[in-house]
Amino acid sequence: MNNIYLPHLAEIKQIIEESPDTRTFRLAFRDRDTADRFTFNAGQFAEYSAFGDGESTFCIASSPTNREFIECSFKVYGKVTQSLQRLNTGDTIGIRGPYGNWFPLKELKGRNLLFIAGGIGMAPVRCVIENVLDWRDDYGSLTIIYGARSVNDIIYKDKVKEWKSRSDVKTVITVDPGGETSSWDGEVGFVPAVVEKTKPSSENTSVIMCGPPVMIKFTMPVLEKIGFSGSDIYTTLENRMKCGLGKCGRCNIGNVYVCKDGPVFTYEQIRNLPQEF
Amino acid sequence: MDNKEKHIENGWEPKIVAFVCNWCTYAGADLAGTSRLKYPANMKIIRVMCSGAVDPVFILKAFERGADGVLVSGCHPNDCHYNAGNFHARRRWDLFHALLDFAGIEKERLQFSWISASEGKKFADVVTKITNDIKMIGPFKGYQEMNRQFTTEFPEQEKEKLVQQCTEAEAVNG
Amino acid sequence: MDELRRFARELLLKKEVAAVIGYEQVGEARTRPVVITDPDECRRLVLNEYCLNNLVVYLNRARIKALARSKEGIRKLAVVAKPCDIRSIVALIQENQIRRENLMILSMNCHGVVRDFGCEFNGDNLAAKCISCNTQSSTYADKSFGEVREIPKFTGKLEYDLSEIEQLPPSKRMEFFREQFDKCIKCYACRAVCPLCYCQRCITDKTIPRWIESSSHSRGNFAWNIVRALHLSGRCTGCGECERACPMDIPLSLLNRKMAMKSKELFGYESGKSTDNPTLVGSYDQKDSDELFM
Amino acid sequence: MKIGVFICHCGENISRTVDCPRVAETCEKIPGVEFSIDYKYMCSDPGQKLIKDAVEIHKLDAIVVGSCSPNMHERTFRSAAVAAGINPFLVEIANLREHCSWVHEDVESATQKAIELVRMAVEKVKRDKPLSKIKVPVTKRVLVIGGGIAGIQAALDVANAGYDVVLVEKEPSIGGHMSQLSETFPTLDCSQCILTPRMVEVNQHPRIKLLTYSEVEKIEGFIGNFKATIRKKARHINEDICSGCGQCVSKCPIKKKAFSSFEEGLAYRPAVYIPFPQAVPNIPVIDESVCTYYRNGKCGMCVKACDRQAIDFDQKDTMMVADVGAVIVATGYKLYSIGKQPLGSKYKGYGEYGYGKYKDVIDGLQFERIASASGPTSGEIKRPSDGKEPKKIVFIQCVGSRDPAKGISYCSKICCMYTAKQAMLFRHKVHDGEAYVFYMDIRAGGKMYEEFVRRAIEEDHVNYIRGRVSRIYEENGKYIVKGEDTIAGVPVNIDADMVVLASAMIPHDNAPGLAQKVGIPYDKYGFYNESHPKLKPVESTTAGVFLAGACNAPRDIPESVAMASAAASKAIILFSSDSLEREPVVARVNEDLCAGCFYCRKVCPFGAVEVRDIKDMNGVVYKEVAYINQGVCQGCGTCTATCLSKSIELAGFNNEEIFAEIAAL
Amino acid sequence: MTEEKLILKEDLLRICDDVIKKGDTLLAPGKSEYVIVKDVSEIKLDPEALPTKISFKSYVFPKSEPVLYYKRSKNDVTLIDADVNGRKIVVLGAKPCDTGSIDIMKDLFNWDYRDEFFNLRAKHFIMIGMMCKTHDEYCFCTSVGCSPVSENGSDLFLIPLSDKEFALRIVTEKGREFIEPYFRFLCDADTKRTEEVLSAAKNPETAFDPDEVHEWLGRNFESPKWDGIGEVCLSCAQCAFACPVCHCFDIVDEDYSYSEGRRMKNWDGCQFGHFTLHASGHNPRDIQSKRYRQRINHKFRYYVDKFGKILCTGCGRCSRGCPVSIDIKEIVSNCKD
């Protein structure tokens with residue numbers, strides 16, 4: 001019987017402490033076949049099992065072009081993430097996926113891209129950035145605006161450093177007021193303000209934006225003011241999910257099951273959904 | 001005694017959990033140790049600060065996890081390190097015990113005692129008694145059956161399957 | 001009934017209460033709880049043998065509480081309650097859930113209710129709790145409506161007899177309860193209708209740790225039903241709503257009744273009797289029985 | 001999370017019955033265990049170094065030590081963990097010695113149990129949260145309960161060390177039983193003479209607040225932060241105005257209605273009275289029960305007598321609250337009543353000795369009053385019945401004490417000595433008198449005590465008869481004491497003029513009541529329990545509450561004084577720093593989920609649960625939730641088990657940790 | 001392909017007896033639920049009985065079922081696939097409002113990802129429907145495109161002609177396969193008589209037009225009507241669990257020993273407050289009115305848009321069993337301006 005609820009097993013190859021409450025697992029499938037077959041697109045997510053405590057949904061944070069391993073980052077909130085946090089390198093977790101839709105990177109070829117991320121919302125955005133950087137020549141200018149609560153809370157510190165050092169990417173990192181340190185050389189301020197200050201051009205540009213609801217809520221008017229239209233802005237919805245297969249009914253909003261019809265939506269689509277997320 | 005012998009003959013050893021308070025019974029158990037008193041090795045102690053801190057659900061969980069018997073023990077009335085924790089506990093246990101009794105769980109499965117820090121002997125005696133009691137009434141069939149069954153759909157068949165799986169699992173796990 | 005409507009209307013008109021929680025007739029032998037804020041709607045209120053629900057459950061609902069709250073502070077709520085339901089109010093006052101001064105209790109002088117909607121009101125169909133009822137009126141009521149009439153003599157047959165079950169040997173009792181609990185589908189209707197199940201998040205919905213398995217297999221069902229009865233021990237006022245609400249016809253009140261009997265037997269405590277009593281759980285007597293303890 | 005498991009052999013104490021290498025080996029297979037090892041003595045320096053090194057090398061996050069009871073070495077291993085950079089609360093001890101190796105004989109089952117115990121500890125430690133100690137401020141003031149010699153000594157010591165003292169005495173004057181005594185053994189110096197200066201010192205000490213005729217109503221709080229509510233009973237005399245001239249006392253027409261309790265019932269006192277001339281404070285009290293004014297509103301002789309208008313018939317009991325950091329309980333003792341005991345009493349009386357029936361059968365304290373120069377007979381030995389000088393007195397020891405049949409199995413300790421003293425005093429005052437002492441054993445352990453008793457026998461010719469008295473009855477104006485001389489093996493009949501019974505020392509009737517108010521345990525007699533019989537003799541099991549004097553067990557004066565000074569020094573040690581560190585094992589409420597039923601508040605023995613209002617945007621309270629004062633909470637966890645919605649967690653023993661332990665069974 | 005035959009009740013029971021003897025599961029409406037029949041004497045076959053309190057849903061979509069077993073060791077995990085028992089289930093005398101339920105749910109369990117737990121069970125169902133000869137104030141099958149005589153979802157369909165005889169319609173090939181070995185019990189039918197009985201069916205009055213409701217719901221996501229229901233509804237899941245087509249579920253892990261456990265798929269209900277509660281504490285449907293709105297919208301709008309079917313069979317169970325007498329028919333009928 002083909003059991004859609006059966007996860008693949010993967011070994012934790014490396015644990016990266018991103019910030020006090022956020023961790024990244026670098027994972028490799030136990031089974032070579034699975035590793036070969038497991039392909040995904042930027043923006044898709046998976047269900048990660050901590051056996052005994054359940055499954056949790058995170059996006060895949062590594063680039064689809066990376067065939068060595070996959071990475072996921074999670075913030076310790078609930079039962080499953082606490083359980084995952086207790087695991088060590090070499091331990092086994094389960095992965096089901098990839099699920100959901102993805103950012104239409106192929107369709108966006110030739111366009112300029114603006115990435116806006118806040119907090120743990122950097123995880124899906126990072127996946128897209130890495131993917132785009134792999135195909136750097138296919139896209140126009142790239143701008144990254146990333147905000148975290150404090151310097152300590154910035155995740156993917158190495159990656160951020162790498163992007164900053166690249167001349168073909170404009171990288172703006174900001175921390176919330178009060179979150180800066182004495183040696184902080186980035187911006188201080190909330191993401192919407194920093195977007196406004198950065199004034200990215202809306203010309204032939206698409207936005208990929210992930211972050212907490214309040215960030216999205218206040219960044220949207222700024223983007224609109226700059227001249228972006230709802231259909232140019234892509235974001236992800238983070239409803240509670242259990243099955244990831246469009247069955248359990250938890251992520252149902254209006255006519256969509258976020259886990260299958262999403263999680264990537266344009267802002268225009270979201271505006272037309274019942275506001276239940 | 002034939003009951004007990006029958007159960008023991010099968011090589012079955014009961015699993016018993018004790019929730020004991022830090023100040024009296026845990027220390028009493030320590031004293032039993034320092035006095036080199038001997039008692040059966042079936043009971044494992046979970047230390048809590050006060051007998052008043054033992055939630056009845058702990059006991060249900062212990063049964064769910066295969067405990068054949070549970071002991072809850074604390075300081076004698078008026079001796080509670082926290083003055084009244086054991087009085088509150090006593091009320092709680094009176095009610096809970098009545099409930100479990102009504103639901104058909106044998107009285108011997110859940111026992112209570114007051115054991116002070118100076119009653120090492122009593123601790124050893126109580127452990128021996130409860131172990132014997134449980135050996136007499138045998139494995140906790142009621143809960144074991146519940147543990148093995150998980151849907152009402154095909155009770156018989158599913159049970160068989162799980163039993164089989166459990167045995168397999170046991171074999172693998174040792 | 002007219003008196004109730006008039007009185008309720010007055011209360012709302014004079015803005016003495018923020019809302020009136022009462023019953024409305026829906027169908028011949030069925031009523032439904034209704035929350036009235038518009039004085040003119042008071043004509044929907046009814047009082048009869050089909051007023052089964054224990055409306056006290058609403059007093060603790062966030063939504064209803066929000067109705068009573070305004071910028072100026074908390075306004076009163078009026079609730080229609082059978083004398084037996086008022087016991088739940090007493091229990092809730094003891095547990096700091098509601099304040100007497102924020103409440104207007106409109107009591108019905110009760111002569112019994114039917115066991116379930118759709119039944120004709122007669123001795124055969126008398127609700128179990130009414131059989132040996134001795135609270136046809138309550139001293140806690142602000143105002144009582146209707147005349148006191150005799151409760152019909154019970155001529156039906158109860159499906160399960162508590163004393164018979166008590167007589168069974170333990171293994172048979174366990175078998176009986178397991179069989180009953182196995183029916184449980186964990187819809188938690190018993191919890192939803194219970195005026196004393198007011199936790200913000202029920203123990204069974206807690207996942208860290210998982211107190212009660214959410215699966216409705218035997219083990220999870222047993223745990224849920226036992227813990228439900230345990231948490232209501234010494235608190236349940238015997239309104240019997242859980243049993244009525246249960247879609248699977250599990251005789252839930254057997255456990256509740258047994259625990260109420262035990263509370264009385266062991267500690268002389270009856271729930272919902274007086275707001276001055278200390279609660280059973282949460283108080284103790286040095287002289288409580290030491291029988292269980294070695 | 002990387003966990004290290006360290007299995008101690010404890011020499012051979014564990015390894016004799018538990019296969020330690022196998023335990024270590026098996027436990028390495030537990031998920032999460034990074035490193036596992038066994039060693040001969042984990043608590044030794046090399047053992048601790050082993051832990052430290054392992055933490056460093058294997059980057060451990062938490063450790064489990066399988067060793068002796070946590071009561072032995074939990075502290076040691078926690079310190080070792082701290083030294084290695086691990087939070088001390090990420091250390092769990094599996095008790096493999098007291099709970100396993102020492103109590104089991106079969107190596108196989110003991111080893112299996114040891115593995116399971118370690119597994120439980122591993123699962124718990126996985127869920128343990130790092131905790132840090134809680135600092136609470138200390139109120140540098142002591143409450144001394146009881147103004148007898150122990151209370152006086154404790155109060156003076158604390159006050160002289162520079163800290164404030166509140167001294168509460170339930171009687172109108174301090175002084176206690178010592179003030180009633182005539183002379184004291186073994187020096188025969190006058191009790192009043194040595195006590196009175198101390199009483200005065202207490203009254204005049206700027207750091208001592210003296211509250212006589214007052215009782216402790218309740219004590220809340222915890223070490224360093226007690227809140228004591230004290231009831232000041234109405235004296236009906238304005239203490240601020242009264243000069244203690246005693247005019248009211250002498251004018252009071254009620255002369256023979258009430259017995260003086262100071263004189264042990266051997267004399268009357270007026271309705272307004274000062275218990276004894278040296279009383280401190282020297283302020284009278286009006287006894288409502290006999291005062292005419294309270295019966296019919298008339299009389300008022302005292303009002304007329306008082307030129308300062310200090311009489312205040314309308315005075316009511318007042319309550320006052322004292323914040324204190326420590327409590328010294330020095331409530332003393334009372335004498336066992338020899339006659340018939342009230343129904344339901346745990347003691348049985350000595351009806352056969354005729355106490356209460358025969359006026360001349362008295363107890364030790366009554367004799368003290370008779371022998372006291374300030375007593376009703378001005379120190380002359382006279383019979384209470386007719387005032388005649390007795391020529392033959394029989395002293396009976398162990399009346400009540402050491403007699404399980406009467407309900408008291410302990411030795412009252414002081415009776416041997418005071419009986420010898422009283423017999424001597426009698427012989428000194430009535431030169432032709434004969435003194436007989438019936439004794440069971442003579443217990444004269446103490447400096448100069450044995451010599452004292454020998455003096456009574458050899459110099460003062462007191463007749464010591466080893467044996468018990470079976471009955472006392474009156475015959476021809478004499479009291480026939482029927483006893484047995486067990487050494488000679490003959491029955492003895494003595495026709496005495498007076499009989500003095502050395503009755504047992506027992507706790508006050510309300511000793512358990514006060515213990516519950518203060519929150520300290522007591523034994524079956526009502527004596528307060530010390531925390532450890534040898535190492536903590538003056539500490540009660542409740543932190544911050546100390547014991548002094550006979551409330552703990554029968555004590556003589558020097559012992560009481562020594563204990564009082566010891567208790568005082570304990571309090572002073574507590575006050576040596578401004579705050580004290582507490583274990584962080586305290587309960588915490590999840591306010592989002594709290595349903596506000598406040599069952600936690602009802603069960604909290606320490607009053608640590610407070611009500612916190614949650615307000616909406618308009619400032620209207622929409623929810624009340626429980627809040628646990630971290631300083632007050634003692635971490636018993638009763639609230640966590642009582643909480644129906646499971647919104648309270650006890651740090652260090654939270655529900656998830658316990659569930660994990662159960663799951664690892 | 002419908003073919004009609006006549007069968008005597010006693011013969012029908014003989015067939016049932018044979019089913020039981022073969023070890024297959026025979027389900028029939030019992031007192032409050034569909035029960036496994038152990039002895040044919042228990043079978044009532046009463047066309048005048050109201051629908052049972054809950055449907056036979058749990059036999060195709062169990063209230064609690066393991067989807068996999070796991071075993072943990074030091075670093076490793078071993079998974080054991082859960083299996084569905086492929087035993088045949090014969091449902092005898094199912095109400096027309098129940099027979100179609102599996103078909104409705106099938107779409108959900110098979111769009112894109114195929115839930116074989118559901119499919120395998122559904123495959124082994126033999127549905128013997130029976131014409132319904134009653135309705136009460138809560139029935140509204142006719143409003144959602146069903147009817148007391150609907151053969152939709154049935155493999156075989158019984159029409160009670162008298163106390164002793166039934167017309168038996170063979171509706172599907174699966175039905176034919178089942179009945180073929182028992183052809184000896186069947187005789188030719190009098191179709192005219194059947195038609196008469198059918199035409200005398202007591203149709204519940206049509207209460208609403210699902211298309212209008214669909215349209216209204218689209219316009220009235222924010223309507224004060226939801227608030228009123230939210231005040232009365234007590235957030236239990238009786239309605240969802242009794243419903244023959246509600247299909248939301250939860251997935252939880254539960255250990256049964258220190259190293260082993262299983263992953264369970266359990267019924268869940270959208271009326272529970274914690275259904276959509278995020279670990280962070282955020283809850284998109286935080287109040288009851290939103291949850292009830294979701295329930296109605298899901299049944300009469302979203303599901304229709306997604307799968308072209310109304311997620312409701314009109315059986316009225318949710319209303320009949322509602323502890324606070326909320327009537328879905330009344331609410332949906334009021335979904336108009």
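The model is predicted, so local features need pLDDT of at least 70 and side-chain atom pairs count only at pLDDT 80 or more, while totals for chains, interfaces and linings use all residues. Residues are numbered from 1 along each chain as its sequence is written, with chains lettered from A and ligands numbered from 1 in the order in which they are written.

Chain D holds an open sheet of 5 strands, ordered β20-β27-β21-β22-β23 with parallel pairing; strands are DSSP runs of E, at least two residues, and helices runs of H or I, at least four, and strands pair given at least two DSSP bridges. Because β20 (361–363) and β23 (463–466) of chain D each have a single partner strand, one side of each lacks a neighbour in the sheet. β20(D) pairs with β27(D) (residues 498–503) over 3 bridges, and Ile362(D) has Val500(D) as its bridge partner there.

Helix α11(D) (residues 364–371) lies across β20 and β27 of chain D, at about 95 degrees to β20(D); axes are lines fitted to C-alpha atoms, for helices over the stretch in contact, with angles from 0 to 180 degrees between N-to-C directions. Contact means C-beta atoms, placed from the backbone, within 7 Å.

Turning to chain B, 38 residues of chain D are in contact with 36 of chain B. On the chain D side, α5(D) gives the largest share, 6 residues.

Terms used. Contact = placed C-beta atoms within 7 Å.
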